[in-house]
Amino acid sequence: VAPTATSNRVCASLRVCTSREYQTVAPTATSNRVCANLTVCGANQFQSVAPTATSNRGCTPVRICGSDEYQVSAPTALLDRVCSPVRRCNGDEYQTVAPTATSDRVCALLSRCPRFNDYEADPPGET
């Protein structure tokens, strides 16, 4: 409160934002600091922007791997999920291990039938 001819100035301690808050309005000579709660990222989000004393935390939805991808690394509170394309076996390969949500397809080279001794009794399929 400002002083008058018959009263002294009244001072008050500035508010201190807690570790779960950030400053939204800076204090002035005649007003207190204003703090707001930091955003808490949800279960399907990760922190994409770190909070500061004067800015809020930024949260981003966790990436979902597509049907032609598998998860290379799981998301954490601070990192997004990493996905990679599922390998396709080449024409001279066949699938030995099918891809899963967290592993790639494994391919192996097709056997070659010796010329003049054998024939291809069961042609390979596509993967």
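1. The disulfide between Cys41 and Cys59 is left-handed, with -90° about the S-S bond. It links distant parts of the chain: Cys41 sits in the loop between strand E2 (34–37) and strand E3 (45–49), while Cys59 belongs to strand E4 (residues 58–61), 18 residues apart. In this predicted model, the two sulfur atoms are 2.0 Å apart.

2. Cys65 and Cys83 are joined by a disulfide with an S to S distance of 1.9 Å. This pair also connects distant parts of the chain, with Cys65 in the loop between E4 and strand E5 (69–73) and Cys83 in strand E6 (residues 82–85), 18 residues apart. The link is left-handed, at -85° about the S-S bond. Cys83 has 12% relative accessibility, so Cys83 counts as buried.

3. The sulfur atoms of Cys89 and Cys107 lie 2.0 Å apart and form a disulfide. Cys89 is in the loop between E6 and strand E7 (93–97) and Cys107 is in strand E8 (residues 106–109), so the pair ties together parts 18 residues apart in sequence. The torsion about the S-S bond is about -85°, so this disulfide is left-handed. Cys89 is buried, at 12% relative accessible area, and Cys107 is buried as well, at 13%.

4. On the overall count, a search of the whole structure finds 4 disulfides. With bonded cysteines counted along the chain, the pattern is 1-2, 3-4, 5-6, 7-8.

5. Cys11 has a relative accessible area of 66%, so Cys11 is exposed.

Note on methods:
Residues numbered from 1 in each chain as written. Predicted model: local features only at pLDDT ≥ 70, side-chain atom pairs only at ≥ 80, totals over all residues. Heavy atoms only, no water. Disulfide = S-S within 2.5 Å. Helix = DSSP H or I, 4+ residues; strand = E, 2+ residues; numbered from the N terminus. Buried < 20%, exposed > 50% of the residue type's maximum accessible area, 1.4 Å probe, protein only.
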